[in-house]
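Me: I'm new to this one and would like to go through it slowly. Could you show it to me before I start asking?

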Amino acid sequence: MPLHGARAAALLAWVNSTEVCTDPLDDLSQLQDCSVFIRIINKIHRSEEGESVLELPLPERISFIRGFLQKHCKHKSAAENLVSAQKLLEGEELALAKVAVLLLYHTSMSCKSPGDWNEFDYKTQVELASILKFVLDNEESLNENLEAFLQRKASLSSSSASSSSSEEHSPLLSLPYKREVRFLELQKIAASSSSGANNMLPGPPSSPMGDVMQTPQFQLRRLKKQLAVERENRDELEVELAENRKLITEKEAQITMMQQRIDRLALLNEKQAADQLEPKEMEELREKNESLMARLHEALRQCQDLKTEKGQMDRKINQLSEENGDLSFKLREIASHLVQLQEALNELSEEHNAALAQSQEKQGQLESELRAALQDKKCSEEKIEILQGKISLLEDQLAKLGDCSTQEKGEVMGDILKLEELKQEVSSLAAKGAELQATVLRLEEEKHLREAALQSERSRFEEEKQQLGGLVASLQSSLSESHRAREKLEQDLRMRETGEPQG
């Protein structure tokens, strides 16, 4: 089954946006040598660790890419089974598309902000948002579902992402009182999770990708990924600390052995002095003793330095463990609040949808009544024109008969009565027309007021939705302090390893 054309085009557009290719690609088959994937990985990590891999044969390139995906995916075994090395070697477009999807997901989790996606057109953003939403919803079953998603023309999972991404472009209405109360509850929930949430941040620019990245589901997944990275860094520091402790133990053992050798030499020196050795031999022994003492002092100094570093490392590890515990607590708290925000947002959307349906039904009734009133008005005006024409004709005839005999005037008396009846009918129709005109004006005014209310409600909902996105984004700031401390610790460790001065 061929690939879904729109999704393949969206993946190619994203690959071209990374600017790792000299010339833009126009087909997935051009990714067969995997060099573009390796350059994207290098750009994600802001390093050149994969440059040497570009010089290797294709099987080694594929192994490097699969190793990266296995390391950074949630389930390593799933990533290993998801991307087949043999199919990549054969250049199968479906396998190439899978790699592109996983790299898109990792990039959006690692370094992309919602505003960075505005370089894509709306249709491409919709497809990219559907891909990202699908991976979020199917992390546990990518092996079973990703191929079908990339091949089929329509997907329930993708339609949900598309509908969510286009949601802000459809008018959403709700009852003002209930929505105001609900939004105040959301503000209270977000404020309890972070002291910085009181300063409302402006929402990101409206876009399908931005909407997906501002969902609580995406934010929670990004926070969990950051926490996993923090834990890996802590594990590496603990391994390094264990190695330093082992080195200290070895140094202490060497010092003990050297001290024993010095003690033995001192005893030998005393014995030889007692035996009145030759001055030359005594001088050699003295030099050896001084050399050993110097080495002992140097070893003691190194041991002391290592102990000092060990104490510093212990304090940093303890501090890091405390921060990690606080971070885990904050993450659980934020996750709980995000779930509450999502549930509240779902209820708010349901209220808007119900209000929208009622409003549309009322709007339809108003328009039907307005059309009927306009039709009645038009018919009355036509009847009035016809009757006025008849009246004019009869008045002309009566004017001509003004000089006729009395007998002839009696004959036309019936026409005069008929003329009076027509005038009364015209008056009646005119009154009815005026009433219809008033009805039309009332219906049009009611329609305009309804449209203005709908527009006002729509604007308020969009503003509150952006504020809610700002609340969700502000929750992520609770991890920044720990992240900066981690980077400072890593920088100190690198300086200590390379011998660079700190400061």
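Me: What kind of model is it, and how are residues numbered?

Reply: It is a predicted model, in which local features need pLDDT of at least 70 and side-chain atom pairs count only at pLDDT 80 or more, while totals for chains, interfaces and linings use all residues. Residues are numbered from 1 along each chain as its sequence is written, and side-chain values use heavy atoms, with hydrogens and water left out.

Me: OK, helix 3 then. How many residues does it have?

Reply: Helix 3 covers residues 58–72, which is 15 residues, and it reaches 22 Å from its first C-alpha to its last, close to the 21 Å expected at 1.5 Å a residue. Helices here are DSSP runs of H or I with at least four residues, numbered from the N terminus, and the expected span is 1.5 Å times one less than the number of residues.

Me: Which of the residues in helix 3 are buried?

Reply: R61, I62, I65, R66, F68 and L69 are buried in helix 3, where buried means under 20% relative accessible area, exposed means over 50%, and partly exposed lies in between (1.4 Å probe, protein chains only). They cover an arc of only 155° around the axis, so they sit on the same side of helix 3; the arc is that of the directions from the helix axis to the C-beta atoms.

Me: And what is exposed on the other side?

Reply: On the other side of helix 3, S63 and K71 are exposed.

Me: How many disulfides does a search of the whole structure find?

Reply: The search finds zero disulfides, a disulfide being a pair of cysteine sulfur atoms within 2.5 Å. C21 is partly exposed, with a relative accessible area of 22%, and C379 is partly exposed at 32%.

Me: Last one: where is G210?

Reply: G210 is in helix 11, residues 208–213, and counts as buried at 0% relative accessibility. Its C-alpha atom is separated by 9.9 Å from that of G469, although G210 and G469 are 259 residues apart along the chain.

Notes: Helices (H or I, at least four residues) and strands (E, at least two) are DSSP runs, numbered from the N terminus.
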